[in-house]
Amino acid sequence: MRVENKTAYRISAARLQRMSLLLFSLMKIPDSDFDLTFVTPVEIKKLNRKYRQKNKVTDVLSFPLQTGKTVRKNGVFLGDVVICVEKAYAQAKEFWKNNFEEICFLMIHGFLHLLDYDHERGVKEEAAMQRLERKLMGKIGEEFF
């Protein structure tokens, strides 16, 4: 996983890269990859407006390169996950989490979108995605928190 930080915040790319390897292992899709970029509120608002027609700051955006069954193959580049660090840190404070934990949750959330999970498709899919997020955060937590 390539990590690019376009903000002034310090974030451990090496730690996130190790976490991504665990995510791929847990999801049984080794040798795959995605890029993770950290941006400012201004940048994520531009991306959200351009690609989702929503003129507001959001916490995470995902840009999958594949959809459906093809994302479960090994050796696939899945796409890009973009996280707004300031929004993530504000949410961490609101939800009584530490900053890195919220970054990890958003990385997992974005990663699942790359795997074609989508909470906006309906209540059933939202519940399934949330269960998987909790499971993955639990496994990640055992290793990294």
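Which residues is Ser-62 in contact with, once its neighbours within four places in sequence are left aside? They are Asp-80, Val-81, Gly-110, His-113 and Leu-114, where contact means heavy atoms within 4.5 Å. The model behind this answer is predicted, so that local features need pLDDT of at least 70 and side-chain atom pairs count only at pLDDT 80 or more, while totals for chains, interfaces and linings use all residues. Residues are numbered from 1 along each chain as its sequence is written, and side-chain values use heavy atoms, with hydrogens and water left out.

Ser-62 is found in strand β3, strands being DSSP runs of E with at least two residues and helices runs of H or I with at least four, both numbered from the N terminus. Strand β3 covers residues 60–64 and pairs with β4 in the antiparallel sense over 5 bridges; two strands are said to pair if DSSP finds at least two bridges between them. Within β4, the bridge partner of Ser-62 is Val-81, and the C-alpha atoms of Ser-62 and Asp-80, which are 18 residues apart along the chain, are separated by 5.8 Å. On its side chain, Ser-62 has a polar atom that lies 3.0 Å from the backbone oxygen of Gly-110, which falls under the heading of a polar contact (a pair of N or O atoms within 3.5 Å; within protein, one must be able to donate a hydrogen and the other to accept it, and residues adjacent in sequence count only if both atoms are side-chain atoms).

β2 and β4 pair in the parallel sense over 6 bridges, and Val-39 stands opposite Cys-84 in β4. Of the 8 residues of β4, 6 are buried, that is, under 20% relative accessible area, as against over 50% for exposed and partly exposed in between, with a 1.4 Å probe and protein chains only.

The loop between β1 and α1 is the place of Lys-6, which counts as partly exposed at 48% relative accessibility. Leaving out residues up to four places away in sequence, Lys-6 touches Thr-37, Phe-38, Val-39 and Thr-40.

At the start of α4, a side-chain oxygen of Asn-98 reaches to within 3.1 Å of the backbone nitrogen of Phe-100, and α4 is followed by Asp-116, whose phi is positive, near 80 degrees. The helix is mostly covered, with 13 of its 16 residues buried.

The interior can be described through its nonpolar cores, each a set of buried Ala, Val, Leu, Ile, Met, Phe, Trp, Tyr and Cys residues joined through side-chain atoms within 4.5 Å. In the largest of them, which has 36 residues, Leu-16, Phe-34, Ile-83, Phe-111 and Leu-112 touch the most other members. The elements giving two or more residues to this core are α1 (13–26), β2 (33–39), β4 (77–84), α3 (85–94), α4 (99–114) and α5 (123–144), and α4 gives the most, with 9 residues. Apart from this core lies another, of 6 residues, among them Val-39, Ile-44, Leu-61 and Val-82.
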